Amino acid sequence: MTELDVLHDPTDRGFASDNYSGIHPEVLAAIVRANRGHQTAYGDDVYTARLQETFKGHFGDKAEAYPVFNGTGANVVALQAVTQRWESVICTATAHIHVDECAAPERMGGLKLMTVPTPDGKLTPELIDTVGVRKDDEHHAQPKVVSITQSTELGTVYTVEEIAHIAERVHANGWVLHVDGSRLSNAAASLAVTFKEMITDTGVDIVSFGGTKNGLMVGEAVLVLNPEVVTGMKYLRKQSMQLASKMRFVSTQLEALLTDELYLRNAGHANAMATRLAEAVRDIDGVILPRPVQANAVFAILPKSVSQKLMEDFHFYFWDEGVGEVRWMCSWDTTEQDIDEFAAAIRAAMS
């Protein structure tokens, strides 16, 4: 074994992001199976064809899947496909498309984002109504899309009823409902519902479907559920540099994730580990959990000096350094031992 074979400690664990985790063995095995021989490039392959049927099985017969490389690409492509140049997107002030995508929707998509402050990362019909529309005013970007994140950036989860109420208000305005679903599987596991019940049946039009945070090496998908509101998806995907030449290797990963409920097994486990962590630290003096734990994220407030000390041995980030709030993410491969060791370290540091 050469030095290049072992560039990191495989026992190293952290709670900074579910992107830190490796590839699930079932996904890795699917890549190996797809690696034999030749297949037509750019999505005209048997794996991408089968993936279409798999997505239809989960989301309904109208579903059309467009595999892409990453979540930012999925969001930018999806939002461009349902807007004209003069139209805008309503989202929360904490939305990933607003905070964490380096202005890609604005710079690459040419989109105007209209943000709404929320206490829990969730929009409501009433909050949507607070946005000044100024309909038909050429001086004002015209709202066209409402984008919600499921589960949200603050770790909260929209109920099925909440999404349905938002969709009703959105469609009454003649708009489109987009879901940023980078952690959609975690939401499905949290609510114990199917994708169809949570997304298709509630009236969602288009989804950015996440895989990388849930056991994939690389790969997401733009999922069109209402083709009538979408224009030019295949061209926008290419123009946005999200068309994979060897698409079979993206498609086969998504196929594996959606087979035998791997998406639920992975997400459900990550959620359970987050719950375990929250319960393990809840009674520690000086540790405050300001937000409910509904998916695979735990938010906590503790002294900054303690967090900085813990960061020397465990990877995680400040969420709001001003108040000492941190975020701890759990993954499909987080173990009970990981949680117990981290909780013990927090307890010791706080004492």
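A salt bridge is taken as a side-chain nitrogen of Lys or Arg within 4 Å of a carboxyl oxygen of Asp or Glu. The model is predicted, so local features need pLDDT of at least 70 and side-chain atom pairs count only at pLDDT 80 or more, whereas totals for chains, interfaces and linings use all residues. Residues are numbered from 1 along each chain as its sequence is written, and side-chain values use heavy atoms, with hydrogens and water left out.

By the salt-bridge rule, the count comes to 16. R276 pairs with D340 at 3.1 Å, N to O. R276 lies in helix α12 and D340 in helix α14, so this pair ties together parts 64 residues apart in sequence; helices (H or I, at least four residues) and strands (E, at least two) are DSSP runs, numbered from the N terminus. R276 also forms a salt bridge with E336, with the closest N and O atoms 3.7 Å apart. Relative accessibility is 31% for R276, 37% for D340 and 44% for E336; partly exposed denotes values between buried (under 20%) and exposed (over 50%), with a 1.4 Å probe and protein chains only. R276, D340 and E336 each count as partly exposed.

A further salt bridge joins R291 to E325, the closest N and O atoms being 2.9 Å apart. R291 lies in the loop between α12 and β8 (297–301) and E325 in strand β10 (residues 325–329), so parts 34 residues apart in sequence are tied together. E325 is buried, at 4% relative accessibility. Salt bridges with shared partners join R13, D333 and D338 into one network.
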